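Biologist: I am new to this structure and would like to know what stands behind the labels. Please take me through some of them.

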Amino acid sequence: MPTAIKSKSKGGPEVIIPKKPSDVLKIIKDNSIEFIDLRFLDFVGMWQHFSVPAHVFELGTFDEGLGFDGSSIRGWQSIHASDMLVIPDPETAKIDPFMTHPTLAIICDIVDPITREPYSRDPRNIAKKAAAYLRSTGIGDTAYFGPELEFFIFDDVRYDQTSNTGYYFVDSIEGIWNSGRDENPNLGYKPRHKEGYFPTPPSDTFHDMRSEMVKVLEQLGIEIEAHHHEVATAGQCEIDMRFSPIVHMGDQMMWYKYVIKNVAKKFGRTVTFMPKPLFEDNGSGMHVHQSIWKKDKPLFAGNGYAGMSDLAMNYIGGILKHARAICAFTNPITNSYRRLVPGFEAPVNLAYSARNRSAAIRIPMYSPSPKAKRLECRFPDPSCNGYLAFSAMLMAGLDGIEKKLSPGEPLDKDIYALGPEELAGIPNVPGSLEDALKALEADHEFLMKGDVFTEDVIETWIEYKIDKEVNPVKLRPVPYEFKLYFDV
């Protein structure tokens, strides 16, 4: 195989995929690249970057790395041990589609400059260790993940919080609350609450914008399977990527968010992956399809329930057992639990089913092909750090396989139609981020196998989330409390 291969996704453009550092240097020369943008993820989940002129980027940079101050990155080094190195991964190099000056973006791994060891709090390193742990077990050699990220496109967003005021305001040309607004003229076609799923234009205002997002993603070599409007009013949308190995999908998820936000900005709009920005309508989830393969053979296909193997059922058993703990990574913000509320069609009940979308884990039945056999975990949301969320789910599933955990009986009923007695036997996801963090504190040994998550990572995650998110939200009154309680 050549060192720099050409890849063409179905219907997509031909993309050069570098395999070696020398391939990257050739891309820089052939495309008159002026800047190299070095990207990595902070502990919480936001892409960070700094750029260097292309002429200072040499072959040795791939071994020696480039230094930066790690003490200024959320959840990372203390000030007395702040020096860190980024090590560019040549296989991740892509020409940035948005920069004015020709720029090559490269995702980097983080290492300690003294020991040259991978940094334990680097989320990409955690995903790499999870992939390595899977191989070490002999169970399989590849874990595939296919997340379905939902998001809102808004026209305007304003928010503030001071000692004596607090508010947020979002608006959309599609918002049903604007049906009576004077828009000179108002043309209507605003999806009603919970009626935004699959309408054609003109009700689907953002078709062309999503198509532009898809074109840019495919130019970057990211294969897209579909795009559509989602259930909520006010521009809720979804674009689906084809499944990919765990680390590669973590990389793609970062490019996905970057592209979606920047294309929207070019259209004069803004995008949020916050799961519950609107009251009285559906929130944004991130259903995650996953499967394990070995030597190019799918391991989740079998003769059991819904055509699944015993190994697949044990994997489901592991996720259900550890779901409350992994929610600390798959649903990692306080707003996540505005979506996960019992009784409102959210996948809060920890059960599994074929076809039943009200279960926390669904087994899709679109195709009888063994290669299509997978599970769909439905409670995660797109606010998560993909590397950590995928790793946590994989480690939970592997724990289920190793311990032969049974997922119990399937729940092939409408969960929302069950009576109190039947519901009492079905466990739920946590009701708040604080509850999820407590569950993680009590149940994280399965994450530490193979040194994938370390005790330091778990402790730092819990401490950061409590100090920076849970407690600050607790301390602030919200507007609705004034409506409820001002006259007490």
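Modeller: Buried means under 20% relative accessible area, exposed means over 50%, and partly exposed lies in between, with a 1.4 Å probe and protein chains only. This is a predicted model, where local features need pLDDT of at least 70, side-chain atom pairs count only at pLDDT 80 or more, and totals for chains, interfaces and linings use all residues. Residues are numbered from 1 along each chain as its sequence is written, and side-chain values use heavy atoms, without hydrogens and water.

Biologist: What makes strand E6 mostly covered?

Modeller: Five of the six residues of E6 (residues 83–88) are buried. Strands (E, at least two residues) and helices (H or I, at least four) are DSSP runs, numbered from the N terminus.

Biologist: How do you know that E5 and E6 pair?

Modeller: Pairing requires at least two bridges found by DSSP between two strands. E5 (residues 66–69) and E6 have four, in the antiparallel sense, so they pair. Within E6, Leu85 stands opposite Gly67 and also opposite Val111 in E8.

Biologist: Why is Val478 called partly exposed?

Modeller: Its relative accessible area is 40%, which falls between the 20% and 50% limits, so the label applies. Val478 is in the loop between helix H11 (455–475) and helix H12 (479–485).

Biologist: What makes H5 largely enclosed?

Modeller: Of its 21 residues, 16 are buried, so the rest of the structure largely encloses H5.
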